[in-house]
Amino acid sequence: MSNFPLETAAHPEQLRRVVIEPVSRVEGHGKVTLLMDEDDHVQQARLHIVEFRAFEKFIQGRPYWEVPVMVQRLCGICPVSHHLAACKALDQVVGATQLTPTAEKLRRLMHYGQILQSHALHFFHLSSPDLLFGFDSDLAKRNIVGVAAEYPEIARQGVLLRKYGQEVIRHTAGKRIHGTGAVPGGVNKSLTAAERDELQKDVYQMIAWSREAVRLVKRLFEQDLENYRSFGTFEARTLSLVRADGAMDLYHGGLRAQHADGRTIFDHVDYDHYWDQISEEVKAWSYMKFPYLRVLGHEDGWYRVGPLTRVTRCDFIPTPLADRERREFMAFDEGRAAKSTLGFHWARMIEILHSAEAIKDLLHDDDLLGSDLMAGGERQARGVGVIEAPRGTLIHHYRVDENDQVARANLIVSTTHNNHAMNIAIREVAKKYLDGRKLTEGLLNHIEVAVRAFDPCLSCATHAIGKMPLEVQLVDAEGAVIDSLVRNSR
Amino acid sequence: MSVSGGTPAPVLVLAVGNPSRGDDAIGPELAARLEAAALPGVEVITEFQLQVENALDLVGRERVIFVDAGLDTPVPFELRRIEAVPEFLHTSHAISPEAVLATFARVQDGDAPECWVLCVRGESFELGEPLSGAAAAHLEAAWTALGRLLRPEFPA
């Protein structure tokens with residue numbers, strides 16, 4: 001029996017089962033199961049994400065220089081993060097302990113473009129309908145078209161922020177997809193003056209829209225403070241990268257882990273031996289592993305990664321507008337917003353602002369136009385690369401044999417780091433909003449809102465037309481389907 | 001930020017798919033053939049999956065053809081005209097061609113281009129798999145249909 005409340009019911013055979021399942025033919029999909037007793041009290045709540053463990057097999061046996069391009073095919077939503085994490089690991093293999101200034105700045109530019117476009121998509125097109133209209137508002141209105149009708153500028157800005165991030169990626173990676181910009185040891189192209197000028201032209205508009213987005217989330221908190229403060233909220237230990245001086249650094253840094261109250265568990269740890277700090281537990285009911293901090297053990301060592309962690313656990317953000325917003329966020333509601341699950345959205349918008357500011361600063365740095373692109377050194381057999389991807393800490397670890405082929409690969413993606421935290425969040429929501437009540441679409445959407453706050457990656461690098469519905473089933477104790485609800489996609 | 005830049009080709013073929021995932025490579029494979037054919041007035045874009053910003057690729061076009069693999073698609077393919085449908089999912093991972101059109105309507109004042117979906121039946125989509133034999137046959141049939149759609153005199 002687990003020590004975690006609602007993880008495992010005492011007598012599941014006597015309970016009704018509710019399944020919220022996106023039925024996808026791809027291996028990466030999520031499902032929520034709720035076991036309810038005859039009085040509609042929640043006895044068990046679990047989020048199952050089918051982690052795709054064929055990553056490593058896909059990579060093994062390949063020449064190491066192919067890996068930064070290949071890993072982009074693992075995930076269609078954050079290919080740049082995999083591209084850069086792989087390159088960081090393989091920098092070590094080629095002995096490039098220090099990149100040239102041009103190479104590092106171009107990679108950073110690419111990374112900030114990725115953060116900006118990913119966060120824009122998540123907030124403006126996925127989460128804003130819930131936040132602007134309410135979690136159980138009319139389903140016909142609770143979509144991005146409803147947002148466009150009542151808030152047309154928000155929908156438009158979301159598309160154009162996303163497009164701008166994609167343009168940054170295109171100029172730095174060389175293509176819209178399958179980019180080859182970063183290579184082990186550096187980059188294979190710098191920015192031309194024309195490319196830089198084109199990106200400079202719009203960057204101030206992006207900063208302005210990002211600031212408005214931060215203010216929008218703040219207004220949403222102010223308008224419904226009690227709900228935002230408490231929705232799916234729980235105390236969590238945290239893990240993130242930070243710069244040597246404690247600043248937020250989404251591209252590189254040391255590992256920082258803290259208790260929920262901010263006390264240090266470890267700080268500025270070189271990720272080269274991450275396995276000394278992090279281990280992974282297998283649970284019989286889930287395909288996805290549960291990472292934990294070794295020093296605390298598997299029961300107490302679970303933690304949360306991602307925007308909320310990064311914004312609240314850095315000492316400062318090294319761009320002025322974003323840092324001002326961070327301080328306001330941390331102080332808001334006596335610090336409660338910075339601990340709330342819906343604070344993910346506020347933190348995400350602060351990171352959009354930081355990314356836009358960082359892009360602006362980089363676009364005024366002549367190193368981007370330089371020609372010194374590659375570094376090298378003594379060949380190594382192993383490399384570890386860690387980056388703060390849009391959804392959280394991403395680890396790539398490779399061992400390369402004497403034939404330059406990848407002999408072993410290990411990847412820990414942000415959704416795996418957050419596995420336990422997401423389960424805690426849905427249990428909090430289930431307890432507060434679903435317990436003892438008749439289930440409705442609006443109530444079940446509360447569960448989805450909690451999951452969406454984390455924006456889990458579902459490994460759906462394929463998506464062929466036909467299947468990604470969301471299916472909700474109410475099943476009795478004998479397993480018979482009593483009712484079902486399908487929210488389908490064409 | 002400008003929504004469009006330059007004069008786009010009147011016809012856009014927007015092919016979708018991951019070349020490393022078995023039959024999901026149908027879209028990229030058709031796109032590669034089309035790029036090699038270099039038809040005048042036809043631009044080809046390949047994506048892993050559709051997202052909201054693809055709405056901006058539609059600006060200034062006369063006709064857009066989305067090319068993709070499908071699981072429950074009739075054999076060997078389905079070709080259908082589509083309209084805007086505001087369907088968005090519970091994840092940020094992908095949107096449908098109809099949702100791309102709906103996004104276009106939100107960010108643009110003008111009329112949307114004529115849009116078609118060429119959905120080719122796939123059978124297996126595992127990472128690292130090659131195109132299946134059945135999908136290869138479906139692809140050939142779809143290639144002929146795509147050619148006729150783009151240029152009636154296109155050789156069968």
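How do the residues lining the second largest pocket divide into nonpolar, polar and charged?

Reply: The lining of the second largest pocket holds five nonpolar, six polar and seven charged residues. Here Ala, Val, Leu, Ile, Met, Phe, Trp, Tyr, Cys and Pro count as nonpolar, Asp, Glu, Lys and Arg as charged, and the others, Gly among them, as polar.

Some ground rules come first. This is a predicted model, in which local features need pLDDT of at least 70 and side-chain atom pairs count only at pLDDT 80 or more, while totals for chains, interfaces and linings use all residues. Residues are numbered from 1 along each chain as its sequence is written, chains are lettered from A and ligands numbered from 1 in the order in which they are written, and side-chain values use heavy atoms, leaving out hydrogens and water.

A pocket is found on a 1 Å grid over the protein atoms alone: it is an open set of points where a 1.4 Å probe fits, with protein on both sides within 12 Å along at least five of seven lines, and lining residues have an atom within 4 Å of a point. The second largest pocket has 18 lining residues, and those nearest its centre are Lys88(A), Gln92(A), Thr97(A), His252(A) and Tyr271(A). Two elements give two or more residues to this lining, helix H3 (79-93) and helix H4 (101-133) of chain A. Helices (H or I, at least four residues) and strands (E, at least two) are DSSP runs, numbered from the N terminus. The volume of the pocket is about 440 Å³, where grid points are joined across faces, edges and corners and the volume is the space filled by probe spheres set on the points.

Next come the sheets of chain A. Three strands form an open antiparallel sheet in the order E6-E7-E8 of chain A; two strands pair if DSSP finds at least two bridges between them. Strand E6 (238-242) and strand E8 (264-269) of chain A are the edge strands, each pairing on one side only. Neighbouring strands in this sheet are turned by 20° against each other on average, direction ignored; the axes are lines fitted to C-alpha atoms, for helices over the stretch in contact, and angles run from 0 to 180 degrees between N-to-C directions. Five bridges join E6(A) to strand E7 (residues 254-258) of chain A in the antiparallel sense, and one of the bridge pairs is Leu241(A) with Leu255(A).

Another open sheet of three antiparallel strands has the order E11-E12-E13 in chain A. Strand E11 (382-389) and strand E13 (406-412) of chain A have a single partner strand each, so one side of each is left without a neighbour in the sheet. Strand E12 (residues 392-400) of chain A is joined to E13(A) by six antiparallel bridges, with Val400(A) and Val406(A) as bridge partners. In the loop between E12 and E13 of chain A lies Asp404(A). Asp404(A) has a positive phi near 70° without being a glycine, and it is partly exposed at a relative accessible area of 23%. Buried means under 20% relative accessible area, exposed over 50%, and partly exposed in between (1.4 Å probe, protein chains only).

Chain B has three helices and five strands, which follow the pattern β-α-β-β-β-α-β-α along the sequence. Of its 156 residues, 58% are buried. Strand E1 (residues 11-16) of chain B has six of its six residues buried. Val11(B), Val13(B) and Ala15(B) point one way, while Leu12(B), Leu14(B) and Val16(B) point the other way. In a regular strand, side chains alternate between the two faces of the sheet.

E1(B) runs parallel to strand E3 (residues 63-70) of chain B over five bridges, with Ala15(B) partnering Val67(B). E1(B) also runs parallel to strand E2 (residues 42-47) of chain B, over six bridges, and there Ala15(B) stands opposite Thr46(B). From E1(B) the chain crosses through helix H1 (residues 26-37) of chain B to E2(B), in a right-handed β-α-β crossover. Right-handed means that, with the strands pointing away from the viewer, the path from the first strand over the helix to the second runs clockwise.

Ala38(B) sits in the loop between H1 and E2 of chain B, with a positive phi of about 50° although it is not a glycine. Ala38(B) is exposed, with a relative accessible area of 55%. Finally, the peptide bond joining Val75(B) and Pro76(B) is cis, with omega about 0°, and Pro76(B) belongs to the loop between E3 and strand E4 (77-82) of chain B.
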